[in-house]
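User: Hi, I'm new to this one. Could you walk me through it?

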Amino acid sequence: MIRYLIIAISTMVLLSGCSTAEVVKEENIPAYPIEILKRYNEGAISIVIPLHLHDKQLRILSYNADGLLSRQAFDDITFPVQIWIIDNEPDVQVFLARSPNSACILQWHKEEQQFYDGCLGTTFSRDGKYLDGPLSRNLDELPISVEKKMIWLSNQIIYGQPTKQQSK
């Protein structure tokens with residue numbers, strides 16, 4: 001009886017290490033000096049940082065051999081991560097530099113003060129709100145804090161909410 005109990009416990013311990021779900025612990029890393037953001041970058045800069053994310057909503061557009069568009073879902077850790085840091089006085093916001101709809105890299109249009117998804121044509125305001133385009137969802141944001149003149153970034157994604165237009 002004890003022998004079977006030991007085998008059962010050993011099997012449970014071994015199988016617990018074989019889980020397919022990856023656990024990404026919360027981390028905060030220094031991302032960028034706030035003084036440089038305000039002084040030299042006109043309040044908007046895109047950088048690549050070493051950050052571990054468990055992105056449950058990442059969808060990447062791809063084309064098959066016939067040229068048909070498809071969206072593949074991924075639930076994986078991504079590293080390194082491209083972000084946009086935006087100075088929205090008095091707050092600073094950090095967005096993932098990819099469209100929440102197509103995973104295409106967002107472009108910043110300085111004149112319009114808007115983000116643009118070149119794949120689907122969706123536009124977003126400076127504060128990450130959906131403006132126009134085929135899928136109405138706000139940008140995905142990363143929480144930040146400012147300590148000792150440095151922007152600290154958390155790896156916990158705040159997914160952009162669908163706008164009222166999409167929920168109809």
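Predicted model: local features only at pLDDT ≥ 70, side-chain atom pairs only at ≥ 80, totals over all residues.

User: Let's start with the strands. How many strands does the sheet with the order E1-E13-E12 have?

Analyst: That open sheet has 3 strands, and the pairing in it is antiparallel.

User: Which strands are at its edges?

Analyst: Strand E1 (28-33) and strand E12 (144-147) are the edge strands, each pairing on one side only. On average, neighbouring strands of this sheet are turned by 35° against each other, with direction ignored.

User: How many bridges are there between E1 and E13?

Analyst: There are 5 bridges between E1 and strand E13 (residues 150-154), in the antiparallel sense. If you want a spot to look at, find Pro33, whose bridge partner in E13 is Met150.

User: Got it. What about the sheet with the order E7-E8-E9-E10, how many strands are in that?

Analyst: That open sheet has 4 strands, again with antiparallel pairing. E7 and strand E10 (130-132) stand at the edges with a single partner strand each, so one side of each has no neighbour in the sheet.

User: Changing topic: is strand E6 mostly buried or exposed?

Analyst: Buried: 5 of the 6 residues of E6 (residues 91-96) are, so the strand is largely enclosed by the rest of the structure.

User: Which strands does E6 pair with?

Analyst: One partner is strand E5 (residues 81-88), which runs antiparallel to E6 and is joined to it by 6 bridges. Another is strand E11 (residues 141-142), also antiparallel, with 2 bridges to E6.

User: Now the aromatics. How many aromatic pairs are there in the whole structure?

Analyst: A search of the whole structure turns up 4 aromatic pairs. In one of them, the rings of Trp84 and Trp108 have centres 6.1 Å apart and planes at 40°, so this pair counts as tilted.

User: Where do those two sit?

Analyst: Trp84 is in strand E5 and Trp108 in strand E7 (residues 106-109), so the pair ties together parts 24 residues apart in sequence.

User: Are they buried or exposed?

Analyst: Trp84 is buried, at a relative accessible area of 9%. Trp108 has 17% relative accessibility, and buried means under 20%, so Trp108 counts as buried as well.

User: And how are the rings of Phe95 and Phe115 arranged?

Analyst: Their centres are 5.8 Å apart and their planes are at 75°, so that pair is edge-to-face. Phe95 belongs to strand E6 and Phe115 to strand E8 (residues 114-117), so here the parts tied together are 20 residues apart in sequence. Phe95 is buried at 1% relative accessibility, and Phe115 is buried at 0%.

User: What links up with what here?

Analyst: Ring pairs link Trp84, Phe95, Trp108 and Phe115 into a cluster.

User: How many of the lining residues are nonpolar?

Analyst: The lining has 9 nonpolar residues, with 2 polar and 2 charged ones besides.

User: Last one: where is Arg137, and is it buried or exposed?

Analyst: Arg137 lies in the loop between E10 and E11. Arg137 is buried, with a relative accessible area of 11%. In sequence, Arg137 and Ser99 are 38 residues apart, while in space the C-alpha to C-alpha distance is 9.3 Å.

Notes:
Residues numbered from 1 in each chain as written. Heavy atoms only, no water. Buried < 20%, exposed > 50% of the residue type's maximum accessible area, 1.4 Å probe, protein only. Pairing = 2+ DSSP bridges. Axes fitted to C-alpha atoms, helices over the stretch in contact; angles between N-to-C directions. Nonpolar A, V, L, I, M, F, W, Y, C, P; charged D, E, K, R; others polar. Phe/Tyr/Trp six-rings, centres within 6.5 Å; stacked < 30°, edge-to-face > 60°.
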